[in-house]
Amino acid sequence: MKRSIITTSDGSKTIQIEDWDEQYHSIHGAIQESQHVFIKTGLHHFLNRNNPKDLTILEIGFGTGLNAFLTLLESQRNHFTINYQGVEAYPVTLDEICQLNYVDLISPQDQHIFDKLHSCNWNKKVRITSFFELTKRQQFFADITDVNQFDMIYFDAFGARVQPELWTKHIFKKMFDALKVNGVLVTYAAIGQVKREMIELGFLVERLQGPPGKRHMLRATKK
């Protein structure tokens, strides 16, 4: 499938899959979406509620590494350690990564850290900074079998319009199992059927204000 680099509304770039008319991040602002959904509504919420010194995060759709980079910077600012695992079936190429401008817009002095996120080996735990360990897992989401391992899940899969099989009760049962009790999942989507299935699985689900260009998003807590 043909892929291209496009500029989103906040000036940050993302990858577009032209055949699907689908992007890795919101066309209304790649960085704004990640900051709102995964950092502000996800990570900050968990930190404020639990005040942990260390936490484990699973990202469903490692993609461009933007969510991982933003999370790493938060760990450095606030001095807590993160074991971060990013699942991706089809890794982004280094040529595509070099065309993205996240570091220039977010933290220019940390280009070497962003580069390390992408150059480190797959399927191996790597210490990126003193506060951040990364394992990039090349794996299909349906093959995830973790149980009670994660404090948080960033669910950043492609949308249900193009990959409905990633938004099924079967997949969210895997997410429920992978979380620890009181663990939190956040996603940019707010699909009614997904919300109902999460509730059936035992999640406490909140529909919250979405990022620019999107009315709502979901935050789900394993009770």
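In the predicted model, histidine 118 is buried, because its relative accessibility is 12% and the cut-off for burial is under 20%. The residue belongs to helix α5, which spans residues 111–119. Leaving aside residues up to four places away in sequence, histidine 118 is in contact with Phe62, Gly63, Thr64, Gly65, Leu94, Ile97 and Lys136.

Helix α2 (66–78) comprises 13 residues, and the distance from its first C-alpha to its last is 19 Å, close to the 18 Å expected at 1.5 Å a residue. The helix is largely enclosed by the rest of the structure, because 10 of its 13 residues are buried. The buried positions are Leu66, Asn67, Ala68, Phe69, Leu70, Thr71, Leu72, Leu73, Glu74 and Ser75. Although histidine 79 is not a glycine, its phi is positive, at about 60 degrees. With a relative accessibility of 56%, histidine 79 counts as exposed, whereas histidine 118, at 12%, counts as buried.

A positive phi also occurs at asparagine 148, again a residue that is not a glycine, with a value of about 55 degrees. Asparagine 148 is located in the loop between β7 (132–137) and β8 (150–155). Its relative accessible area is 42%, so the residue is classed as partly exposed.

Three strands, arranged in the order β1-β2-β3, make up an open sheet with antiparallel pairing. Its edges are formed by β1 (3–7) and β3 (22–23), each of which pairs on one side only. Between β1 and β2 (residues 13–17), the antiparallel pairing extends over 5 bridges. Within this arrangement, threonine 7 is placed opposite lysine 13 of β2.

Valine 184 is part of strand β9, residues 179–187. Its relative accessibility is 0%, and the residue therefore counts as buried. Beyond residues up to four places away in sequence, valine 184 touches His45, Phe46, Arg49, Asp151, Met152, Ile153, Leu179, Arg219, Ala220 and Thr221. For isoleucine 153, which is 31 residues from valine 184 along the chain, the C-alpha separation from valine 184 is 6.3 Å.

Helix α6 covers residues 169–178, and its buried residues are Ile171, Phe172, Lys174, Met175, Phe176 and Ala178. These buried residues pack against several elements, namely β4 (54–60), β8, β9, α7 (192–201), β10 (203–209) and β11 (216–222).

The axes of α6 and α7 approach to within 10 Å, with a crossing angle of roughly 45 degrees. At this angle α6 counts as oblique to α7. The crossing of α6 past α7 is right-handed. On the α6 side, the residues that meet α7 are Lys169, Phe172, Lys173 and Phe176. Their counterparts in α7 are Val194, Glu197, Met198, Glu200 and Leu201. In an α-helix, residues three or four places apart point the same way, because there are 3.6 residues a turn. Phe172 and Phe176 of α6 are buried, and both are among the residues of α6 that meet α7.

Conventions:
Residues are numbered from 1 along each chain as its sequence is written. This is a predicted model: local features need pLDDT of at least 70, side-chain atom pairs count only at pLDDT 80 or more; totals for chains, interfaces and linings use all residues. Side-chain values use heavy atoms; hydrogens and water are left out. Helices (H or I, at least four residues) and strands (E, at least two) are DSSP runs, numbered from the N terminus. Buried means under 20% relative accessible area, exposed over 50%, partly exposed in between (1.4 Å probe, protein chains only). Contact means heavy atoms within 4.5 Å. Two strands pair if DSSP finds at least two bridges between them. The expected span of a helix is 1.5 Å times one less than its number of residues. Axes are lines fitted to C-alpha atoms, for helices over the stretch in contact, and angles run from 0 to 180 degrees between N-to-C directions. Angles under 35 degrees count as roughly parallel, over 145 as roughly antiparallel, 65 to 115 as roughly perpendicular and the rest as oblique. A crossing is left-handed if the near helix is turned anticlockwise from the far one by less than a right angle, and right-handed if clockwise.
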